[in-house]
Amino acid sequence: MRTRRSGRLFSGAVTARTYFIRTYGCQMNEHDSERAAGVLETMGYRPADDVESADLVLFNTCAIRENADQKLYGHLSQLKPLKLADPDRQVVVGGCLAQKDQDVIAQKAPWIDVVYGTHNLGHLPALLVQADSAALPVVEIVEQTEAFPSALPARREVRHHAWVSISIGCDNTCAFCIVPSLRGREKSRRMGDILAEVRGLVADGVCEITLLGQNVNSYGRDLVRSGDVASPGARNRTLFAELLHALGDVDGLERIRFTSPHPKDFTSDVFTAMRDIPSVCEHLHLPLQSGSNDVLRRMQRSYRARRFLDLVEEARATIAGVAISTDIIVGFPGETEDDFEQTLEVTRSAAFDSAFTFEYSRRPGTTAVDLDGHLDPAVVNVRYRRLAQLTRELAGASNARQVGTVQQLLIEGPSKTDAQRFSGRTRTNRLVHVEQHPAAHAGGVVHATLDEAASFYLLGTVTDAPLDAPVGTPPPRTRAAV
Ligand code: 5AD
Ligand code: SF4
């Protein structure tokens, strides 16, 4: 039996208990952490400055690659002595890895209080109460939700930006990916609910939103299937493009971003929406995963390299100055040297403005685990470094093309590496550091001349000069490999 907790008493005053959240993984998880913070704050908890001083520590976990597991178990073992010294401290593990490995977590760390899955955040208050009188971790995992869960309060880290979930779950079956088994079938949120949330956020000072979904451009298909909404066929637009147009009409909303679309579901109406709606930013994140048709087939990604490059070309031709980023996995089972060379070739042709590159990670529960031809990690690592080198060069060249232009920056806050500077993002999502300036504060919008480029950032100077258009990357040059 654990002791029932209350606020600590100092000179007769009750101080609120404090919480600290450590987030692993993707933007979906960052948003879930904001919601966990919102839930805890409605229970009276207040933010702590660090893990050590927090009365409640919540780990919002990720399962996508093995190193996320290792990080979690490392952090849990660091916390164990603190918990044992002060049993009143609460430790909670939630999110994707909790959904996948609840038993392993409870076994490895029987001293924690609560384990909850990807659909259970709304029950956190009740689980914490149950944990007060339980000897072992209280575990709650459900496999599936029937509809998009009702909105939970979110405590946003910054005032000017908000994540907005438009769907949860995923109906695809990419062989490497654990997500569909953890986040369930795709459930879209009603457009009216999304618009109402966004209007409320704008009234609260938000000027930039990022729409979140595992596969944003299949948004709404489940709603049409279930008869909840009429197909937008009459206007010849997908529901995702409809949503972008509706959001484009929200006054005061200056920047709209979204992540991630799937190449197989990409339609031209989304490119034209990106071109025609001033608030939709000129940035497209389009995951390639591999440039080899053979590997794409074994990954169960139903587009081919040629189709991918056609999309890149259409994006660059339609949206002036668009920046394109991607995700690429190296070392998928059976990947030959020739397959890998094709990935390099497509990467060069697409001339990505930035890229997230990953070594394939074996995830029990995915179909790729049972494929033949798992590679020696040393071979994978050499390929990974070759690809990372190429994507770094491409990113550097893309940034260098911006030098001398004046771009709009939305300031995020002080630079993480240099206290003398502030950091902001261009509409194309390039990171720019500027010297301190009265207008350079979190949420401030400035014009900056871009003076110097590196692979992952630019240096700029705040200016009164008018804006230039972003400089796009030349369209794909070669189709030799595809
Ligand atoms: N191994 C390596 N990378 C992966 N990703 C997803 N699953 C795996 C895996 N098993 C990458 C994909 C995806 C990004 C979010 O993570 O590139 O787009
Ligand atoms: Fe995000 Fe996927 Fe990691 Fe879950 S497993 S946190 S959905 S990247």
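The sulfur of Cys177 has its closest cysteine sulfur in Cys174, 6.1 Å away, which is too far for a bond. With a disulfide taken as a pair of cysteine sulfur atoms within 2.5 Å, the count in this predicted model comes to zero. Cys174 is likewise in no disulfide, the sulfur of Cys177 being the nearest to its own. Cys174 is buried, with a relative accessible area of 11%; here buried means under 20%, exposed over 50% and partly exposed in between, for a 1.4 Å probe and protein chains only.

As for conventions, residues are numbered from 1 along each chain as its sequence is written, while chains are lettered from A and ligands numbered from 1 in the order in which they are written. The model being predicted, local features need pLDDT of at least 70 and side-chain atom pairs count only at pLDDT 80 or more, whereas totals for chains, interfaces and linings use all residues; side-chain values use heavy atoms, leaving out hydrogens and water.

Ligand 1 comes next. Its surroundings (residues with a heavy atom within 4 Å) consist of Ile64, Arg65, Phe176, Gln289, Asp327, Ile329, Phe358, Glu359, Tyr360, Ser361 and Arg363. Polar contacts are pairs of N or O atoms within 3.5 Å; within protein, one must be able to donate a hydrogen and the other to accept it, and residues adjacent in sequence count only if both atoms are side-chain atoms. A polar side-chain atom of Gln289 lies 2.7 Å from an oxygen atom of ligand 1. Polar backbone atoms also take part: that of Phe176 is 3.0 Å from a nitrogen atom of the ligand, and that of Ser361 is 2.8 Å from a ligand nitrogen. The protein covers 87% of the 400 Å² of accessible area that ligand 1 has on its own (Shrake-Rupley method, 1.4 Å probe; for residues, only the protein chains shown count as cover).

Turning to the interior, a nonpolar core is a set of buried Ala, Val, Leu, Ile, Met, Phe, Trp, Tyr and Cys residues joined through side-chain atoms within 4.5 Å. The largest has 67 residues, and Phe240 and Leu211 are among those with the most contacts inside it. Contacts of Phe240 (heavy atoms within 4.5 Å), leaving aside neighbours within four places in sequence, include Leu211, Phe258 and Val270. Apart from this core lies another, of 25 residues, including Val51, Leu97 and Ile178.

Leu97 also meets Thr61: its backbone nitrogen lies 3.0 Å from a polar atom of the Thr61 side chain. Thr61 itself is buried, with a relative accessible area of 0%.
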